[in-house]
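Subject: Structure handover and notes

Hi there,

Here is the structure I promised to pass on to you. Please open it alongside this message, and my notes will follow below.

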Amino acid sequence: TAKEPEEPSTIRWSDLNLGVWDRALPVLLTTLSTLSIVVAITYWIRVIHNWNTSISATTIALLNGVFPTVAKFLTSFERHSTEGVVSTSFYFKIAFFRFVNSAIIITLITPFTLTLTESGGLIPSVYSIFFAEIFTTNLIKLADPVGHFKRHVLAPRALSQDGMNLRMSGQDVDLAERYTNMTMLMFLAFWFSAIYPGSFFMCGTVLFVNFYADRFGLMRTWRRMPSVGTRVAEFSRRYFFTAAVIAMTIVSSYYWSGFPYDDLCENDFPAPREYFGPRYILERNIVIEAGDASYRYCRQALAARDVFKFPALARWQPVGDEWMTTEQEIVVDCFGWTSVVVFLVVVGTFAHYIYRIIRKSLEGTYRAKGEQTDIPFAQVESITAYIPQVSSNVYPNPLLVCLGYDAEIIDWVDSDRPYSYYDLTEDIVDLTNDRNLLRTDRNVFSIVSYSPAVHSNDEDEGRRALSRQPGLRGIRAIFDDSRSQKSGGTQPRHENRHRNNYNYGGSPREGTYH
């Protein structure tokens, strides 16, 4: 099956040759660790929420900002072939934590009768979370205390140029973390939209402020991020935005069914005389007088564990303990059946998606995207190739692990040092004093062959132009062997390539990359 390749800068060369079990086991362990953290945080937030709702909301916002560091640490133990897959795994952990931490935990720990109260209710908690996201998170982001400390304290005192460059390189920011922040805010607004419609306006305000804060970070303080492509965006759109829509339809139906959230049903007789006088009920001081209505306890939570009903419909009210008004019953039924339709549509969509995956694995399919431009690859200004390289925390740029690279096909530049400074093939020669390790028939390093564009009909002139290119190894054999083929000679040497070599098409006159 033909598919669009990953960007060269996203390839994780050290993790390409691992087996299925070597990849699956770390993912399983890190996922279980994430679930354990969520359970522990749930208990902690419940204790704080029972003490003070404002402090619990601030704690939730701070945990949402701290957990990406924990998720990045867990994801570092995983072994994936591309940065796009790493970002997707990173995105899943953060999104799952923030969904549970920001919306589901508060819903579970808030008593049903306190849902709409001003003290300890859901609305003040949700408002506090949005408020904290607008000010607390963005102020910390704009202040960038760690970045300023590195640039103004550690960098001038570094013992080498590389050490100073590393401390001046900016803050590490992952695109997946920014996506989860956006999806978390939208999920929070969708989840509480029935009881707090203002959450949509709060969400829009937070996203507006985050846009300018992120733009400032992108231009001023963030380190350059790899081009991970559209994998994270597609994963977010396909799964988490879909989950947010399902949550809105289902949870809203139960929120509408719970009004007025007091677990009281009116009796047919007035209040007895022994209840006359001042009373403190549901955090309010009231006075019961003669002729006032009397009430009895009735369970109004259709989503409670012992009486859970799906979908939320007015018919599930216990006989004799009906608490919904006529208009409320109509709204609840509309939301309930809508949630069923949305759920079935989503299930059908995912079933079709799984069917397409199975079909692609059984038969080859290809669908062309875009239009043919007839522009040679060598004439593309942002030209890059798949150069084997590994990242290091000691050097400001990746280390090159191949033979035959050229400056034109590498997507980064060091203004202070040549590419040979980052060439590990030079290091192995210095360590072993054995230049035979660089022979192409030893298969120690992968070989990248580059033939720049030659706009001449004279092959001799083209060969001379190639010989003047710096950093090329073994390229002249392309033209020499082409002559041998014309004269009936043997097969060219460059055809006997290592299995990890990469061919990027074109002819020697248009620019060839192997």
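Where is the place of L32? L32 sits in helix α1; helices (H or I, at least four residues) and strands (E, at least two) are DSSP runs, numbered from the N terminus.

Before going further, some ground rules. This is a predicted model, in which local features need pLDDT of at least 70 and side-chain atom pairs count only at pLDDT 80 or more, while totals for chains, interfaces and linings use all residues. Residues are numbered from 1 along each chain as its sequence is written, and side-chain values use heavy atoms, with hydrogens and water left out.

Helix α1 covers residues 20–51, and its 32 residues should span 46 Å at 1.5 Å a residue (the expected span is 1.5 Å times one less than the number of residues). Its end C-alpha atoms are 47 Å apart, which agrees. L32 counts as partly exposed because its relative accessibility is 44% (buried means under 20% relative accessible area, exposed over 50%, partly exposed in between, with a 1.4 Å probe and protein chains only). L32 also belongs to a nonpolar surface patch with W21, L25, L28, L29 and L35, and together these residues have about 590 Å² of accessible area. Such patches are made of residues with over 30% relative accessible area and no salt bridge, with like charges joined within 9 Å and nonpolar side chains (Val, Leu, Ile, Met, Phe, Trp, Tyr) within 5 Å. The areas come from the Shrake-Rupley method with a 1.4 Å probe, and for residues only the protein chains shown count as cover. Buried residues of α1 include P26, T30, T34, V38 and I41.

The C-alpha atoms of T30 and A71 are separated by 8.7 Å, although the two are 41 residues apart along the chain. A71 is buried, with a relative accessible area of 0%. Leaving out residues up to four places away in sequence, A71 touches F90, K93 and I94 (contact means heavy atoms within 4.5 Å).

**Cysteines**

How many disulfides does a search of the whole structure find? There is one, where a disulfide is a pair of cysteine sulfur atoms within 2.5 Å. C265 and C298 are the partners, with 2.0 Å from S to S. C265 lies in strand β1 (residues 264–270) and C298 in the loop between β4 (293–297) and α10 (326–362), so the pair ties together parts that are 33 residues apart in sequence. The torsion about their S-S bond is about 90°, so the disulfide is right-handed. C265 is buried at 3% relative accessibility, and C298 is buried at 1%.

**Salt bridges**

The structure holds ten salt bridges (a side-chain nitrogen of Lys or Arg within 4 Å of a carboxyl oxygen of Asp or Glu). One of them pairs D214 with K141, whose closest N and O atoms are 2.9 Å apart. D214 lies in helix α8 (residues 198–221) and K141 in helix α4 (residues 122–143), so this pair ties together parts that are 73 residues apart in sequence. Both D214 and K141 are buried. E177 and R178 also meet in a salt bridge, at 3.0 Å from N to O. Salt bridges that share partners join R98, K141, E177, R178 and D214 into one network.

Best wishes
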